[in-house]
Amino acid sequence: MPAPHYKSLPVIVQQRGWRRWLPGLHTLLHYRLGWLPRDIAAGLVLTSMLVPVGIAYAEASGVAGIYGLYATIVPLLAYALFGPSRILVLGPDSALTAVILAVVLPLSGGDPLRAITLASMMAVVAGLTCIVAGLLRLGFITELLSKPIRYGYMNGIALSVVISQTPKLLGFSIDSQGPVQDIWAIVGGVLDAQFNWASLAIGGGTLALILLLRRFKRLPGILIAVTLATLAVELLDLARHGASVLGELPQGLPGFTLPWLSGIDLSAVVLGGVAAALVAFADTSVLSRTYAARSGRHVDPNQEMVGLGAANLIGGFFQGFPISSSSSRTPVAEAAGAQTQMAGVVGALAVALLLVAAPNLMQHLPTSALAAVVIAAVIGLFEVRDLMRIYRVQQWEFWLSMACFAGVATFGAIPGIGIAVLLAVIEFLWDGWRPHYAVLGQVDGVRGFHDIQRHPEARLIPGLLLLRWDAPLFFANAEQFQQCVLQAITRSPTPVRRLVIAAEPVTSIDVTSADMLAELEQMLAEAGIELHFAEVKGPVKDKFRRFGLLRENREQRIQPTVGAAVDAYLADHDVDWQAENRVPGRAWHRD
């Protein structure tokens with residue numbers, strides 16, 4: 001037999017001390033000069049996407065386009081120092097635009113300075129949330145959202161972003177009052193012919209070109225599309241025909257500011273920042289694991305959370321807004337040959353150089369083209385194909401996803417993430433509240449004991465009831481467990497002398513379920529039925545002792561295997577275990 005190959009498995013290296021929290025500095029100290037040419041080339045290629053995408057996502061988030069570049073430069077530099085992934089690209093993200101806009105739009109009152117201050121406050125909150133969660137090793141929290149719920153949430157976010165950008169694409173504006181009301185406002189605007197033909201032509205053409213060039217991975221499709229749109233506006237003088245343009249950008253780099261506004265709904269900012277942190281880390285953790293697996297490296301999710309938090313926190317103090325990893329810019333860096341985060345540093349420095357030397361290059365960039373960039377990006381957020389698969393294999397999870405989608409589309413991004421978390425908790429409790437359980441019997445020719453519902457030909461031992469409970473025992477299912485036990489005893493074809501709980505799937509118990517077991521044991525004893533257990537895990541047995549369930553020599557009622565429990569019953573009760581005396585499992589019926 002050939003020896004196993006382990007080279008394809010991720011390498012897990014536990015860093016200690018400062019190396020754990022400053023992985024970028026560790027990479028710099030071990031940097032190879034041979035990597036530099038490829039990192040520089042990748043960084044320059046990456047810049048072609050960083051500029052138009054950063055501006056577009058800033059506009060979609062309710063802040064001026066220049067702040068999208070600020071939120072690109074600083075977080076890339078911060079993540080290069082604090083981030084564990086060697087290739088991940090951070091910056092403004094389409095998945096966060098609806099979350100940011102939901103806070104900025106109602107609280108800013110149309111004031112651009114208030115808008116960026118609010119967005120920066122959200123970035124600080126998001127950064128602190130990620131850092132604290134990472135230090136407390138809470139990197140697992142995003143795994144609590146099941147795939148269908150994530151799909152529903154992201155589909156709702158994508159729809160909200162498309163709705164918010166459609167008026168810009170059409171060349172008019174609406175007063176946003178939520179996704180559903182905005183749809184009616186857009187329809188009304190179109191019917192009243194409020195749209196601008198020049199903006200629609202530029203935006204629609206840009207969107208079509210981006211989608212067309214998307215199949216050519218090596219072409220900078222976004223750069224080509226927005227460049228042509230900018231040239232069309234300038235050469236055809238479309239601004240004179242009502243096409244809105246970006247205008248002049250301020251020259252220079254962002255300065256340090258302390259983002260703070262008084263007299264605002266601070267709870268909305270905090271809630272929005274926490275929601276942004278959750279969405280950002282959910283995206284970042286998936287993308288980070290994907291690229292870590294490709295390179296054969298392991299990335300600690302808690303360390304990833306700290307790196308993402310540091311990028312948001314520092315960016316928030318330099319007029320940035322909440323950012324995340326990018327599923328569109330990271331592949332560009334990889335395809336261009338990026339070796340380390342030095343590629344991101346080069347990209348950040350190139351954007352900074354553009355702001356210092358030639359900020360007016362983008363003054364004729366049409367806002368409808370920026371809307372097209374955002375819409376093209378969020379189209380990739382929609383998940384339909386895998387949802388169809390989920391519908392085929394498990395419809396109730398599909399409808400759970402649809403409920404989450406409807407919640408986001410109806411109430412908006414911030415309430416939507418609360419709905420997503422609530423549905424995730426309900427889903428978890430429901431699975432544990434009504435778990436599968438089985439009465440076990442022996443099948444001729446098959447070793448062990450098996451579910452008699454799946455094997456009606458199985459035989460039951462007279463007087464012995466074997467019941468397997470396929471879930472932890474906790475407060476939500478303790479009463480259900482007791483009812484299932486009593487129903488199984490009632491339906492047994494022979495009087496039950498001993499009940500054996502096959503507890504191998506039971507990974508934990510709590511105080512409520514322990515008290516229930518004590519009551520059940522007393523109830524069964526009064527009916528002349530012994531309560532035994534088999535295959536109890538060590539940690540669960542420790543809890544049995546701590547909760548007082550094993551006093552008075554009750555440890556003798558725990559057997560290591562179901563087979564040993566059957567042997568003990570046969571020895572104690574002298575049952576004639578002959579085939580002709582077995583009770584067929586089909587005599588036991590369960591609704």
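**Helices, burial and backbone in a predicted model**

Ala514 lies in helix H20, which covers residues 511-526, where helices (H or I, at least four residues) and strands (E, at least two) are DSSP runs numbered from the N terminus. The model is a predicted one, in which local features need pLDDT of at least 70 and side-chain atom pairs count only at pLDDT 80 or more, while totals for chains, interfaces and linings use all residues. Residues are numbered from 1 along each chain as its sequence is written, and side-chain values use heavy atoms, with hydrogens and water left out.

With a relative accessible area of 2%, Ala514 is buried; the term buried stands for under 20% relative accessible area, exposed for over 50%, and partly exposed for what lies in between, with a 1.4 Å probe and protein chains only. Apart from neighbours within four places in sequence, Ala514 is in contact with Ile509, Phe547 and Leu549, contact being defined as heavy atoms within 4.5 Å. From Ala514 to Gly548 the separation is 34 residues in sequence and 8.6 Å in space, C-alpha to C-alpha.

H20 is also among the elements against which the buried residues of helix H19 pack, the others being helix H18 (413-433), strand E3 (437-442), strand E6 (464-469) and strand E7 (498-502). The buried residues of H19 are Ala478, Gln480, Phe481, Gln482, Cys484, Val485, Ala488 and Ile489. H19 itself has 14 residues (478-491) and reaches 20 Å from its first C-alpha to its last, close to the expected 20 Å at 1.5 Å a residue, the expected span of a helix being 1.5 Å times one less than its number of residues.

The protein chain as a whole contains 22 helices and 10 strands, and its C-alpha trace spans about 100 × 60 × 55 Å along the principal axes. Of its 591 residues, 50% are buried, and of the contacts between residues at least 6 apart in sequence, 82% join residues at least 24 apart. The accessible surface of the chain comes to about 27,900 Å², with 61% belonging to carbon and sulfur atoms, as computed by the Shrake-Rupley method with a 1.4 Å probe, where for residues only the protein chains shown count as cover.

Helix H4 (residues 66-82) has 17 residues and reaches 25 Å from its first C-alpha to its last, close to the 24 Å expected at 1.5 Å a residue. Since 14 of these 17 residues are buried, H4 is largely enclosed by the rest of the structure. In helix H8 (residues 179-191), the 13 residues should span 18 Å at 1.5 Å a residue, which agrees with the 18 Å between its end C-alpha atoms. The buried residues of H8 are Pro179, Asp182, Ile186 and Gly189. These residues cover an arc of only 75 degrees around the axis, which puts them on the same side of H8; the arc is that of the directions from the helix axis to the C-beta atoms. The face of H8 turned away from this buried side carries the exposed residues Trp184 and Leu191, whereas the cover over the buried residues includes helix H7 (147-170) and helix H17 (395-411).

Ile210, in helix H9 (residues 197-213), is buried with a relative accessible area of 5%, and, leaving aside neighbours within four places in sequence, Ile210 is in contact with Gly221, Ile222, Ala225, Ala372, Val373 and Ala376. Thr330 belongs to helix H13 (residues 329-335) and, at 0% relative accessibility, counts as buried. Not counting residues up to four places away in sequence, Thr330 touches Ile87, Leu88, Val89, Leu287 and Tyr291.

Most residues other than glycine have a negative phi. Arg137, which is not a glycine, has a positive phi of about 60 degrees and is found in the loop between helix H6 (112-135) and H7, where it counts as partly exposed at 44% relative accessibility. Glu535, likewise a residue other than glycine, has a positive phi near 60 degrees. Glu535 is found in the loop between strand E8 (530-534) and helix H21 (538-546), and is partly exposed, with a relative accessible area of 27%. A positive phi, near 60 degrees, is also found in Ala193, which follows H8.
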